[in-house]
Amino acid sequence: HIVREEYIDLRFKIIDDSSFGCLMGFIVKKSLGKAHKRNRMKRLLKEAYRLNQHMLSKPLENAKITFHGAFMAKVVDMNFEKVEQNVIALLEQVRDQLPTTSAGNS
């Protein structure tokens, strides 16, 4: 599955497994810029996800499913606020697509 925002995409796969878990990757293509800009973008993506990972971890644990995903940047010249807004919007979209075992676990 792919969910898209203005500057970032999130590709993911939901695996029905008895154990729950979440693996996340962070991808910035070489064609987007020099190494120091790509590395900065990866750091921003990682920090935005770290601060907001709770949006996925609790629903995944309740549903007992495994989640594998990767954030893919479309640009490298962004401030943290825009990165975080895009990451939050993507996590909300994914959370709404997750199968739930009981109501009200958002």
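This report describes the aromatic pairs, the nonpolar core and the salt bridges of one predicted model.

Because the model is predicted, local features need pLDDT of at least 70 and side-chain atom pairs count only at pLDDT 80 or more, whereas totals for chains, interfaces and linings use all residues. Residues are numbered from 1 along each chain as its sequence is written, and side-chain values use heavy atoms, with hydrogens and water left out.

**Aromatic pairs**

A pair of aromatic rings is described by the distance of the centres and the angle of the planes. Here rings of Phe, Tyr and Trp (its six-membered ring) pair if their centres lie within 6.5 Å, and planes under 30 degrees apart count as stacked, over 60 as edge-to-face and the rest as tilted. The structure holds 4 aromatic pairs. One of these joins F12 and F67, whose ring centres are 5.4 Å apart with planes at 20°, so the pair is stacked. Since F12 belongs to strand β2 (residues 8–15) and F67 to strand β4 (residues 66–73), this pair ties together parts that are 55 residues apart in sequence; helices (H or I, at least four residues) and strands (E, at least two) are DSSP runs, numbered from the N terminus. Both F12 and F67 are buried, where buried means under 20% relative accessible area, exposed over 50% and partly exposed in between (1.4 Å probe, protein chains only).

The rings of F26 and F71 are also stacked, because their centres lie 5.9 Å apart and their planes stand at 15°. This pair links distant parts of the chain, with F26 in strand β3 (residues 21–27) and F71 in strand β4, 45 residues apart. F26, Y49 and F71 form one aromatic cluster.

**Nonpolar core**

A nonpolar core is a set of buried Ala, Val, Leu, Ile, Met, Phe, Trp, Tyr and Cys residues joined through side-chain atoms within 4.5 Å. The largest such core has 28 residues, of which L45, F71 and V83 touch the most other members. At least two residues of this core come from each of β2, β3, α1 (35–52), α2 (54–63), β4 and α3 (80–97). When residues up to four places away in sequence are not counted, L45 touches I8, F26, V28, F71, A73, V83 and V87, contact meaning heavy atoms within 4.5 Å.

**Salt bridges**

Side chains of opposite charge can pair when their charged atoms come close. A salt bridge is a side-chain nitrogen of Lys or Arg within 4 Å of a carboxyl oxygen of Asp or Glu, and the structure holds 4 of them, including those in the table.

| Salt bridge | N to O distance |
|---|---|
| D9 and R4 | 2.9 Å |
| D9 and K74 | 3.1 Å |
| D77 and K37 | 3.6 Å |

D9 is buried, with a relative accessible area of 10%, whereas K74, at 33%, is partly exposed. R4, D9 and K74 are linked in a network of salt bridges.

The salt bridge of D77 with K37 has its N and O atoms 3.6 Å apart. This pair links distant parts of the chain, since D77 is in the loop between β4 and α3 and K37 is in helix α1, 40 residues apart. D77 counts as exposed at 58% relative accessibility, while K37 counts as partly exposed at 34%.
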